[in-house]
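My entries follow in the order I made them.

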Amino acid sequence: MPTIIALDISISMQRVIAGRSEELALTYHQLALKGISQFLEHLGAAAKLEYVALITFGSSCELKVDFTRDYDQIKQTMKKTEHGDKLCLLTLMKTVSNILTSNWGTQSQSQVVVFSDCGLGFGKSSIRTFLQNYIGKELDAEFNWLKPLKIVKWNFICLGIQSDGYFTRAVATYQKLLDYTGIKGQLFMPRPIKDSSDTNENNSNELLKNTLPTHKSELGRTAMFEMVEKLCETNFKPFEVILKCGGYFRLECPILIWPPPAPYYPLNNAKNATPLTLASKLEVCGYLSLSDIGSPASLSRHLILPKVEREKVSRRTSDKSANTAKLTSDKTPRLDVNQPNYEYEKLEQEIREFYTKDVKDSDDATQAEEFDSKTSVSCSMPSESQKESVCVLLHGVLKVENLAALVILNENWYGFLFSYADSKKKSNLMLNILPPGNNVIPWLGDMQMLGLIEDLMPNESSTFPVKAEKRSYSQSCVVWINRVSLQSDIQKVLRHAKKMPEKMQHFYKELNRIRRAALSIGFVELLEAMATLFDKEALNLAAINANPECALQLKHASIELRKPSNRDLKVSIVPVQAVNMA
């Protein structure tokens, strides 16, 4: 899903964070840049496919970097930002609404990450003034810009200290803004410092110490990293499940689904109904031809990626701690007898040893041992492309055989995996999530009743899938969303009119098609406009000595369009028979 990073560049962000020495002095703006860098690093490691844009805002907003996957470009651009004047959060919200609507429409889920010190603004542009004008007037037209923001999730990285009275009041006002407008959002704040000396003593010096803005380490790099980690853990965590393909224990692996599928809320249930989510293990239950599945209605489509295990190193851990594992010289792994798949693993190991016994001479064996000792480090850690994955196997089979794999997503909930090619050289494994239910594809029938073709009786013929002679959604229809479509249909009729009598059948076919479409939507004025246009065109054709048949048929069509009896959809206008003039 698209993500917008909003950076506050107001003057208040240029303040130095209190409680820090001069050597470690850090402004709010510099701390926000460090937080954005860490956030982009997380996206680069866990969500490389996210489209990210950068916006700076003060009293006005500016789109610094449009939606891109080049996170380095955003890092370089944010370092060149200059500070502005006062803060206006409402301007940011209106700008985000316009950008998301123009780029992604009104149905795409997106997120906004705001790095700010939570200023309230001044005068008419302040949040408090907006809430006073908004409460009780939610349905007014001036607040329509809030509607596209209902599906946008706002994440505020609040840069402030808990004992600052202005900051705590501002955070409460931000929460009121989210509650009253109905916008989904969350506020991330640094944790307050726990004073170890706060026991049963009630010392006036201690009370004075807690009220003064000393704030030793409440807001700093550590607090920023903790807030960004919590943000990523909450909203940008990869959706991981297990894909199982058959009964063999090797044919299952962890996969990542991108973008993460949203919970499904039943439309006919109560408001407090539990949303449906995907199970932790997706199981392939069968295979179907893509031509049999067709193009059914679906909830969403997602990209399937194999999960790559990466060693997670703490930011405070040195590089030496990552290399403390010792490599054993034994190339054959030892099997655990207590494992449930011990017999299968032992059989696999014996088969592998049998086919790899290609060194028989002692000299060759010594050379092989020397080579293995040199390359033990590289061989002990296979690359990502060398690791086996069920996704690669399944994707290759579905692509070659032109099949789709039917997957059980949850109880009475299905989807199917298929190979999708976005170019001639590159294809991906996709998951199409169907609506919950076992009869969501009418021409396939009940999903729970599907079986193998070998299960048919000797004299029984397969009637699967149910094919319709003429599908309703495959019929050509008239679409007049913009003015160009209507003009092209009228011009097509006029071109046929000038070529009569050869194009007479085409003329009346297009005329009746436009007439039925206009009557279906109540566009009766179009019929009168076409009749007037035909009268003018008949005079023009008569002036240039065109075929008399053209003027005759145009006058006839003009009269028929004006008749009230022809307002019935079942009636069609037919050509008039011309009188032969000898």
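**Entry 1: Glu 226 and Arg 191.** I began with the side chains of Glu 226 and Arg 191, which form a salt bridge with an N to O distance of 3.1 Å. For the term I used a side-chain nitrogen of Lys or Arg within 4 Å of a carboxyl oxygen of Asp or Glu. The two residues are 35 apart and belong to distant parts of the chain: Glu 226 sits in helix H7 (residues 221–235), Arg 191 in the loop between strand E6 (185–188) and helix H6 (204–211). Helices (H or I, at least four residues) and strands (E, at least two) are DSSP runs, numbered from the N terminus.

I noted that this is a predicted model, where local features need pLDDT of at least 70 and side-chain atom pairs count only at pLDDT 80 or more, while totals for chains, interfaces and linings use all residues. Residues are numbered from 1 along each chain as its sequence is written, and side-chain values use heavy atoms, with hydrogens and water left out.

The classes are buried (under 20% relative accessible area), exposed (over 50%) and partly exposed in between, with a 1.4 Å probe and protein chains only.

**Entry 2: Glu 252 and Lys 281.** I then looked up the salt bridge of Glu 252 with Lys 281, where the closest N and O atoms are 3.9 Å apart. This pair also links distant parts of the chain, from strand E8 (residues 252–258) to strand E9 (residues 281–289), 29 residues apart. Glu 252 is partly exposed at 32%, and Lys 281 is partly exposed at 39%.

**Entry 3: Lys 492 and Glu 510.** I found a salt bridge between the side chains of Lys 492 and Glu 510, at 3.4 Å from N to O. Lys 492 is in helix H13 (residues 483–498) and Glu 510 in helix H14 (residues 504–520), 18 residues apart. Lys 492 is partly exposed at 30%, but Glu 510 is buried at 9%. Which residues share partners in one network here? Asp 489, Lys 492, Glu 510 and Arg 513 do, through their salt bridges. I recorded a total of 13 salt bridges.

**Entry 4: the chain as a whole.** I counted 16 helices and 13 strands. Of the 582 residues, 34% are buried. For contacts (heavy atoms within 4.5 Å), I took residues at least 6 apart in sequence; 69% of these contacts join residues at least 24 apart. The chain exposes about 36,700 Å², with 52% of it supplied by carbon and sulfur atoms.

**Entry 5: backbone.** Most residues other than glycine have a negative phi, and most peptide bonds are trans. I therefore listed exceptions to that rule.

- The peptide bond from Trp 258 to Pro 259 is cis, with omega near -10°; Pro 259 is in the loop between E8 and E9.
- Met 500 and Pro 501 are joined by a cis peptide bond with omega about 10°; Pro 501 lies in the loop between H13 and H14.
- Asn 402 has a positive phi, near 60°, and sits in the loop between helix H12 (390–401) and strand E11 (403–410). Asn 402 is partly exposed at 45%.
- Asn 412 also has a positive phi, near 60°, and is found in the loop between E11 and strand E12 (413–421). Asn 412 is partly exposed at 36%.

Notes. Accessible areas come from the Shrake-Rupley method with a 1.4 Å probe; for residues, only the protein chains shown count as cover.
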